[in-house]
Amino acid sequence: MKNIILNVTLVGISVVFLSLIALSFLVYLYPKIISFFKRKKSDTDKDIKKAKVKNPIKEDITSATEKQSNDNDIEDEELIAVITAAIAASMGHEYSSKVKVKSFKRVNASSPVWNTSGRYESLN
Amino acid sequence: MFQDFANAITNLIDKSGYVNIDLKGLLMIFVACVLIYLAIVKKYEPLLLVPIAFGMILTNIPGANLMAEPFTEILEDGSEKLNTGGLLWYLSRGVKWGIFPPLIFMGVGAMTDFGPLIANPKALLLGAAAQLGIFATFIGASALGFTSAQAGAIAIIGGADGPTAIYVASKLAPGMLGAIAIAAYSYMALVPIIQPPIMKALTTKQERMVKMDQLRPVTKLERVLFPIIVTLLVSLLIPDATALVGMLMLGNLFKESGVVERLNKTAQNELMNIVTILLGVSVGATATSDNFLTLETLGIIGLGLVAFGIGTAGGTLLGKLMYILSGKKINPLIGSAGVSAVPMAARVSQKVGQDENPSNFLLMHAMGPNVAGVIGSAVAAGVMLSFFA
């Protein structure tokens with residue numbers, strides 16, 4: 001009787017831990033495997049380009065930075081759109097399309113957002 | 001003629017429940033009413049406790065025979081007559097045959113976001129540690145005299161997972177299903193009361209104040225691969241866990257793949273609701289006075305509390321170990337969220353952490369161990385089933 005209890009407990013705990021450790025290991029490897037595949041792909045692409053054209057380096061670099069700034073631009077545009085929408089929503093009726101967001105800068109909160117919104121709610 | 005009339009009335013009275021009910025039945029109905037009060041007024045897991053409690057009432061009405069099994073009667077002239085069973089008997093086949101709990105798990109998977117877990121795979125270890133409660137309770141239950149199969153079913157209460165507990169109980173200890181389910185859901189509702197004292201007792205103030213780094217964003221590819229990998233890994237290791245883990249991950253795949261929005265919506269809403277209703281009523285229907293009003297039920301209730309407590313302690317202690325090993329980067333409070341009462345246990349971690357340090361937001365970090373615990377308890381259930389089913 002005692003044998004079974006010990007057996008089940010030990011086997012059970014080890015199986016649970018083992019399976020979850022194995023899983024966590026696999027998940028931990030995720031980003032490595034994915035970036036490994038991506039790097040392989042872009043390596044072969046770059047090789048093909050170099051073989052074809054002789055001035056690839058400059059073009060590659062400029063296109064790479066352009067691509068990055070394009071990405072940044074797109075992200076910024078989305079951010080601007082979201083912030084403008086939030087401003088429009090909180091302004092309600094007073095909002096007119098003449099309001100344009102020129103620039104934005106993050107102001108570090110002096111107290112946590114929850115506290116601020118709690119204070120706001122109790123005042124209004 | 002008057003005689004016939006008198007006979008008819010007498011028959012009616014004889015059949016009526018008011019005459020036939022005994023003290024035990026009345027007690028069961030009283031307990032059911034208490035549960036309804038807890039569910040509706042105190043809001044203890046009402047989605048399940050309301051149907052469970054009402055099922056309890058229905059099953060304890062004498063003469064209604066809602067749990068009667070169908071049987072074939074041979075009449076005097078030799079012909080066969082099929083007597084149909086009671087309504088609740090038919091509905092409860094979904095529990096007895098292990099259909100409803102995996103379907104609920106599919107809905108749970110469709111509602112679960114494994115992102116915080118993928119971003120921080122160490123949380124899986126915390127989910128595993130919290131399942132220690134299951135095995136400690138198993139030892140305790142066996143020591144108290146329950147058979148191994150019964151002890152296994154009772155122990156799974158510590159997994160803090162309703163469908164898992166019901167699934168295992170339906171296979172290992174069907175007679176205790178009602179008590180186990182009620183204990184499981186009641187304790188899940190009591191998590192905010194049970195956990196904080198244990199969490200505070202096992203951690204120092206300095207440990208509780210740790211603020212964790214933000215989780216990295218998780219790509220869609222990772223989210224889609226996760227359910228497939230988990231299913232393959234766990235099911236091949238423990239085939240008995242396949243029903244639960246497989247359905248959980250199928251639901252999650254519906255959600256993450258993004259190409260089956262209709263199925264995802266149904267799994268999360270209509271299917272979940274339908275199965276919850278049927279499951280609740282069926283589980284309540286097994287709680288007849290003979291099954292429920294026993295000393296064993298008291299044992300189950302006591303052991304359930306032990307299970308939750310040890311699970312919380314186990315997760316928190318491993319959290320402490322990880323705190324030390326990671327160079328004070330991991331807050332031990334998220335360990336207790338490995339007790340897979342989603343999302344209650346994660347919210348408890350958040351609240352206790354915030355009590356110490358108002359700007360500490362542990363919720364997302366605690367969700368990792370919380371959902372890991374769901375997987376962990378399904379694995380533990382598979383182990384119990386593989387041994388005793």
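## The largest pocket

Seven helices of chain B each supply at least two residues of the lining of the largest pocket: helix 4 (46-59), helix 7 (100-111), helix 12 (162-172), helix 13 (177-202), helix 17 (261-285), helix 20 (344-356) and helix 21 (363-388). The model is a predicted one. Among the contributors, helix 17 of chain B gives the most, with four residues.

The volume of the largest pocket is about 720 Å³. Its lining consists of 29 residues, and those nearest the centre are B:Glu45, B:Val108, B:Met111, B:Met272 and B:Val342. Sorted by class, this lining comprises 18 nonpolar, six polar and five charged residues.

## The second largest pocket

The second largest pocket has about 490 Å³ of volume, and 21 residues line it. Nearest to its centre lie B:Ala119, B:Asn120, B:Pro121, B:Lys122 and B:Ile330.

Helix 1 of chain A gives the most to the lining of the second largest pocket, with six residues. By class, twelve of the lining residues are nonpolar, five are polar and four are charged.

## The enclosed cavity

The model has one cavity of 30 Å³ or more. About 50 Å³ of space lies in this largest cavity. Its lining is made up of B:Gly175, B:Met176, B:Gly178, B:Ala179, B:Thr286, B:Ala287, B:Asn291, B:Phe292, B:Thr294, B:Glu296, B:Thr297 and B:Ile300. The elements of chain B that give two or more residues to this lining are helix 13, helix 18 (289-292) and helix 19 (295-325).

Helix 19 of chain B gives the most to the cavity lining, with three residues. The lining of the largest cavity has five nonpolar residues, six polar residues and one charged residue.

## The nonpolar core

The largest nonpolar core holds 117 residues. The members that touch the most other members are B:Phe114, B:Leu117, B:Ile180, B:Phe226, B:Phe308, B:Ile375 and B:Met384.

For B:Phe114, the contacts beyond four places in sequence are with B:Phe226, B:Leu248, B:Met249, B:Asn252, B:Val371 and B:Ile375. Two of these partners, B:Phe226 and B:Ile375, are themselves listed among the core members that touch the most others.

Strand 1 (residues 71-74) and strand 2 (residues 80-83) of chain B run antiparallel and are joined by four bridges. B:Phe71 stands opposite B:Asn83 of strand 2. The two strands form a hairpin with five residues between them, and in the turn B:Gly78 has a positive phi of about 90 degrees.

Helix 11 (residues 148-155) of chain B is mostly covered, with seven of its eight residues buried. The buried residues are B:Ser148, B:Ala149, B:Ala151, B:Gly152, B:Ala153, B:Ile154 and B:Ala155.

## Chain A

Chain A has three helices and zero strands, and from the N terminus its elements follow the order α-α-α. Of the 124 residues in chain A, 13% count as buried.

Notes:
Residues are numbered from 1 along each chain as its sequence is written. Chains are lettered from A and ligands numbered from 1 in the order in which they are written. This is a predicted model: local features need pLDDT of at least 70, side-chain atom pairs count only at pLDDT 80 or more; totals for chains, interfaces and linings use all residues. Side-chain values use heavy atoms; hydrogens and water are left out. A nonpolar core is a set of buried Ala, Val, Leu, Ile, Met, Phe, Trp, Tyr and Cys residues joined through side-chain atoms within 4.5 Å. Buried means under 20% relative accessible area, exposed over 50%, partly exposed in between (1.4 Å probe, protein chains only). Contact means heavy atoms within 4.5 Å. Two strands pair if DSSP finds at least two bridges between them. On a 1 Å grid over the protein atoms alone, a cavity is a set of points where a 1.4 Å probe fits but cannot get out, and a pocket is an open set with protein on both sides within 12 Å along at least five of seven lines; lining residues have an atom within 4 Å of a point. Grid points are joined across faces, edges and corners, and a volume is the space filled by probe spheres set on the points. Ala, Val, Leu, Ile, Met, Phe, Trp, Tyr, Cys and Pro count as nonpolar, Asp, Glu, Lys and Arg as charged, and the others, Gly among them, as polar.
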